[in-house]
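Dear colleague,

I am passing on the structure below, and after it you will find an account of what turned up when I went through it. Please read the account with the coordinates open beside you.

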Amino acid sequence: MGDVISLRPVPDSGSWEGGGTALGVEPAEEAALRLVFLVHEPALRRRALRLTRAREAECLVRDTFESFLQHRDRAGSATSLVVWLFAAMHQLYVARSQGRRLLRLVRAESAPPENAPAEPPAWAQVRRAQFARAVAALPADIRRVFELHAVDGLSYDEIGACLQLTPMAVFARLFRARILLKDLLRDLVEGGISA
Amino acid sequence: MMSLCEKLQVFADGELPADEEPEFQRHFAACAGCQAELEEVMVLEGLAQSLRRPLALPALERVPPLPASRSLRRSTLALAALAGVSAVAGGALLARLVLGGRREQPPLSRR
């Protein structure tokens with residue numbers, strides 16, 4: 001067994017530094033794990049910054065990757081891996097929110113224990129091609145808003161400036177896109193439709 | 001006016017006004033419905049990452065190895081010898097400066 005990876009975000013750079021090998025990680029696997037961090041860290045950071053302040057966002061992203069290191073055998077294929085990471089971040093965020101609530105209510109000395117992340121919902125366990133098909137099935141105006149927000153990371157104002165929409169109109173289309181996508185993906189998964 | 005639960009997606013998108021965040025976060029910590037909805041938003045966003053265009057890395061040119069010619073070996077040996085001589089000469093000069101400098105130090109006092 002090697003030393004635990006010490007992942008530390010480098011301030012103001014968006015990059016990470018760390019040394020040693022992760023607990024139970026062979027040197028050959030370490031390069032692959034670092035590639036996972038390199039590929040998915042920007043999107044996770046963007047998501048974390050939408051939920052919380054910069055300092056807490058750094059911690060949230062770091063803890064998400066540490067959770068991945070501990071439970072990576074459950075992450076699965078490339079598409080399911082990124083979904084797993086986002087779901088793990090969600091669970092960490094909820095746990096922290098509940099921990100803060102508990103501290104306010106009962107002045108507990110420690111936050112609730114963070115267990116292994118649960119599996120993402122069944123409708124999210126689709127292949128890339130299936131998801132692409134679902135997005136392609138969205139009405140064009142809704143699809144464009146979803147892509148600009150979820151893929152390109154633009155804000156409501158930025159999307160509105162691109163598409164000549166008000167922020168409220170952007171929100172409404174994004175809201176609709178999410179509902180339609182969930183329904184489409186459920187149909188794909190429950191109907192057993194392959195890519 | 002939106003209810004707190006209706007604000008979940010606005011909050012999840014980082015678009016909730018700052019003055020409304022504390023109240024919403026207190027609500028979120030206790031609302032299973034909002035927590036479940038946030039998971040859906042985040043999972044969809046995770047799936048959307050698969051639509052990102054892959055990085056277009058430039059093709060690396062393969063640099064051919066230098067031919068191991070006889071004239072090249074001779075040049076390499078000559079350079080190595082010159083480097084060795086220079087190192088010895090440089091060390092000797094440095095020693096002379098250090099040791100010679102000590103002997104030539106003036107006495108502390110002439111009184």
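In what order do the elements of chain A run from the N terminus on? They run β-β-α-α-α-α-α-α-α, with helices (H or I, at least four residues) and strands (E, at least two) taken as DSSP runs and numbered from the N terminus. This is a predicted model, in which local features need pLDDT of at least 70 and side-chain atom pairs count only at pLDDT 80 or more, whereas totals for chains, interfaces and linings use all residues. Residues are numbered from 1 along each chain as its sequence is written, chains are lettered from A and ligands numbered from 1 in the order in which they are written, and side-chain values use heavy atoms, with hydrogens and water left out.

Chain A has seven helices and two strands, and buried residues (under 20% relative accessible area, with exposed over 50% and partly exposed in between, for a 1.4 Å probe and protein chains only) make up 41% of its 195 residues. Of the contacts in chain A (heavy atoms within 4.5 Å) with a separation of 6 or more, 57% are between residues 24 or more positions apart.

Helix H7 of chain A, residues 167–190, has 24 residues and reaches 34 Å from its first C-alpha to its last, close to the 34 Å expected at 1.5 Å a residue, the expected span being 1.5 Å times one less than the number of residues. Its buried residues, among them A:Phe171, A:Arg178 and A:Lys182, pack against H4, H5 and H6 of chain A together with H1 and H3 of chain B.

The contact between the chains takes 31 residues from chain B and 40 residues from chain A. About 3,400 Å² is buried between them, of which carbon and sulfur atoms give 64%; buried area here is the accessible area (1.4 Å probe) that two parts lose on being put together, summed over both. On the side of chain B, B:Met42, B:Leu44 and B:Leu47 lose the most area to chain A, together 19% of what that side buries.

Four salt bridges (a side-chain nitrogen of Lys or Arg within 4 Å of a carboxyl oxygen of Asp or Glu) are found across this interface. One of them joins B:Glu40 to A:Lys182, with the closest N and O atoms 2.5 Å apart. In another, the side chains of B:Asp13 and A:Arg178 meet at 2.7 Å, N to O, the pair crossing from the loop between H1 and H2 of chain B to H7 of chain A. B:Asp13 is buried at 2% relative accessibility, and A:Arg178 is buried at 5%. A:Arg50 and B:Glu45 also form a salt bridge, at 3.5 Å from N to O; since A:Arg50 lies in H1 of chain A and B:Glu45 in H3 of chain B, the pair joins two chains.

Within chain A, A:Glu58 forms a salt bridge with A:Arg45, the closest N and O atoms being 2.3 Å apart. A:Glu58 lies in H2 and A:Arg45 in H1 of chain A, so the pair ties together parts that are 13 residues apart in sequence. A:Glu41, A:Arg45 and A:Glu58 are linked in a network of salt bridges.

Lastly, the structure holds zero disulfides (a pair of cysteine sulfur atoms within 2.5 Å) over all chains. The cysteine sulfur nearest to that of B:Cys5 belongs to B:Cys34, 3.7 Å away.

With best regards
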